[in-house]
Structures are given as structure tokens and as C-alpha cells.
Amino acid sequence: MTRVATMDTITLIRSAICGLLTAAGADLAARLRAVVTSEDDYVCTAKPLIDWDDQAARDALIDSRAQDRFAMLALLDGVEIAEDADKAARLLAKVLGQDLTDDDDGVLRIARRVAADRVIYTVDPETRHGHKTQAHGFDGHKGHIAIDPDSESITATNVSSGNSGDAEAAETLLADILPPRSRSRSRSFG
């Protein structure tokens with residue numbers, strides 16, 4: 001099990017925007033920055049200075065960053081971009097889609113739920129919330145090993161996201177000893 005830092009929603013959004021601006025290259029980044037309507041320069045991922053105890057200020061911050069994201073992704077719609085920029089744009093879209101909700105008043109706010117398969121860290125988008133037990137959670141990846149019981153030698157290793165089940169890695173770990181998969185046969189009961 002590896003552990004990572006978990007980013008809160010505003011840090012995820014800002015980090016994903018910074019990632020897109022970095023991956024876009026100088027010319028495209030300048031075009032993306034031109035559509036930003038908030039006063040954020042997205043130079044670093046540090047949280048903006050606001051009164052974090054003021055709900056209206058937090059809502060305005062989230063909404064303005066979400067509007068920046070929509071403007072950036074709208075600018076990219078139909079534009080051919082490099083693979084790294086495309087990956088960064090998709091990550092940005094996923095981060096906002098998983099963490100925000102549109103209330104009746106049209107303002108985007110942090111959703112009061114945890115999305116299934118939620119990205120928690122933009123530096124390694126495959127990290128997830130995981131559970132070792134019901135009472136003990138972690139954020140990161142799971143490491144899996146297969147050991148030959150006779151020689152006690154490690155025969156295979158695998159890494160999976162923190163939210164995957166341990167059994168999901170078994171087929172990969174045991175590939176050398178499992179029989180090849182055969183086609184499934186349909187059965188009729190009746």
C-alpha cells in the first residue's frame with residue numbers, strides 16, 4: 001500500500017488547470033489564459049487567500065474557477081491538441097465533474113458526496129481512496145505479490161488503485177499457473 005497526499009476540491013481544480021496550462025505549451029496556454037475571467041493567474045497550486053469561514057466567498061471562488069474551466073474547455077472544443085494537453089484537459093473535466101454540482105441558482109458548488117472512482121491527486125490521477133478494513137482507510141495504491149509457497153519466492157507483483165478489490169489483481173498475479181480462459185458457454189435452464 002502506498003500513500004499520497006489527498007487534494008481538496010479547490011486544490012484539485014487549480015492543480016488540474018495548472019497542469020493543462022503547462023501541457024498546452026506557450027501559445028495555447030496564452031490563448032487559454034485569455035479566456036480566464038477570475039483574477040487567478042494559475043501560476044501555482046496554492047489556495048487563494050479568501051475568508052474560508054465565509055460560505056459565500058467559498059461558493060464564489062469555486063464557481064469562478066469552474067467558469068474558468070468551462071471557458072478553457074470550450075476554447076479547446078474541436079481544436080487538435082497534443083496528447084499531453086488532451087490528457088490534462090480530460091483530467092480537468094473529470095475533476096470538476098466529480099466534485100461539483102449545479103444548484104438551482106446556477107452557481108456551481110462543491111458536491112456533498114464522494115463520487116465513485118474519485119480522482120484525489122492530480123500528480124498521479126490513478127490514486128484513489130481505499131480501505132484496508134471498514135474502519136481504516138488510506139489514499140493511494142495497493143501493492144500485490146504472489147509467492148510460491150514451497151520456495152517462498154516472489155513470482156509476480158502488481159499495483160492497483162486503492163479502491164480496487166484485492167481479488168481483481170489475482171488473475172494477473174496467477175497468470176502463469178491459471179489455465180487459459182475458455183469461451184463461456186451459454187446454458188439453458190428450462
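# Briefing: a buried charge network and its surroundings

The protein has 5 helices and 6 strands; helices (H or I, at least four residues) and strands (E, at least two) are DSSP runs, numbered from the N terminus. This is a predicted model, in which local features need pLDDT of at least 70, side-chain atom pairs count only at pLDDT 80 or more, and totals for chains, interfaces and linings use all residues. Residues are numbered from 1 along each chain as its sequence is written, and side-chain values use heavy atoms, with hydrogens and water left out. Salt bridges that share partners join Arg14, Asp40 and Arg65 into one network.

**Overall build**

- Along the sequence, the pattern reads β-α-α-α-α-β-β-β-β-β-α.
- Of the 190 residues, 36% count as buried. Buried means under 20% relative accessible area, exposed over 50%, and partly exposed in between (1.4 Å probe, protein chains only).
- Take the contacts between residues at least 6 apart in sequence: 57% of them join residues at least 24 apart. Contact means heavy atoms within 4.5 Å.
- The protein exposes about 12,200 Å², and carbon and sulfur atoms supply 51% of that area. Accessible areas come from the Shrake-Rupley method with a 1.4 Å probe; for residues, only the protein chains shown count as cover.

**Salt bridges**

- The structure holds 3 salt bridges. Each is a side-chain nitrogen of Lys or Arg within 4 Å of a carboxyl oxygen of Asp or Glu.
- Arginine 14 and aspartate 40 meet through their side chains in a salt bridge of 2.7 Å, N to O. This pair links distant parts of the chain: arginine 14 is in helix H1 (residues 9-24), aspartate 40 is in the loop between H2 and H3, and they are 26 residues apart.
- Arginine 14 is buried, at 4% relative accessible area. Aspartate 40 is buried too, at 10%.
- A salt bridge of 3.0 Å, N to O, joins the side chains of arginine 65 and aspartate 40. Here, too, distant parts of the chain are linked, with arginine 65 in helix H3 and aspartate 40 in the loop between H2 and H3, 25 residues apart.
- Arginine 90 forms a salt bridge with aspartate 86, with the closest N and O atoms 2.9 Å apart. The two are separated by about one helical turn, because they lie 4 residues apart in helix H4 (residues 83-99).
- Arginine 90 is exposed at 58% relative accessibility, while aspartate 86 is partly exposed at 27%.

- Arginine 65 lies in helix H3 (residues 55-76). Its relative accessible area is 9%, so arginine 65 counts as buried.
- Not counting residues up to four places away in sequence, arginine 65 touches Ile10, Ile13, Ile17, Ser38, Asp40, Tyr42 and Pro48.
- Aspartate 68 also lies in helix H3. Aspartate 68 is buried yet has no salt bridge; the nearest side chain of opposite charge, arginine 65, is 4.8 Å away. For charge, Lys and Arg count as positive and Asp and Glu as negative; His and the chain ends are not counted.
- The side chain of aspartate 68 makes a polar contact of 2.6 Å with the side chain of tyrosine 42. A polar contact is a pair of N or O atoms within 3.5 Å; within protein, one must be able to donate a hydrogen and the other to accept it, and residues adjacent in sequence count only if both atoms are side-chain atoms.
- Beyond its neighbours within four places in sequence, aspartate 68 contacts Val36, Thr37, Ser38 and Tyr42.

**Loop residues**

- Most residues other than glycine have a negative phi.
- Tyrosine 42 has a positive phi, near 50°. Tyrosine 42 sits in the loop between helix H2 (26-34) and H3, and is buried at 2% relative accessibility.
- Glutamate 152 has a positive phi of about 60°. Glutamate 152 is in the loop between strand S5 (137-147) and strand S6 (154-161), and is exposed at 65%.
- Cysteine 44 is in the loop between H2 and H3, and is partly exposed at 40%. Leaving aside neighbours within four places in sequence, cysteine 44 contacts Arg14 and Cys18.

**Surface patch**

- Ile145, Ile147 and Ile154 form a nonpolar surface patch, with about 290 Å² of accessible area together. Patches are made of residues with over 30% relative accessible area and no salt bridge; like charges are joined within 9 Å, nonpolar side chains (Val, Leu, Ile, Met, Phe, Trp, Tyr) within 5 Å.
- Isoleucine 147 is in strand S5 and is partly exposed at 47%.
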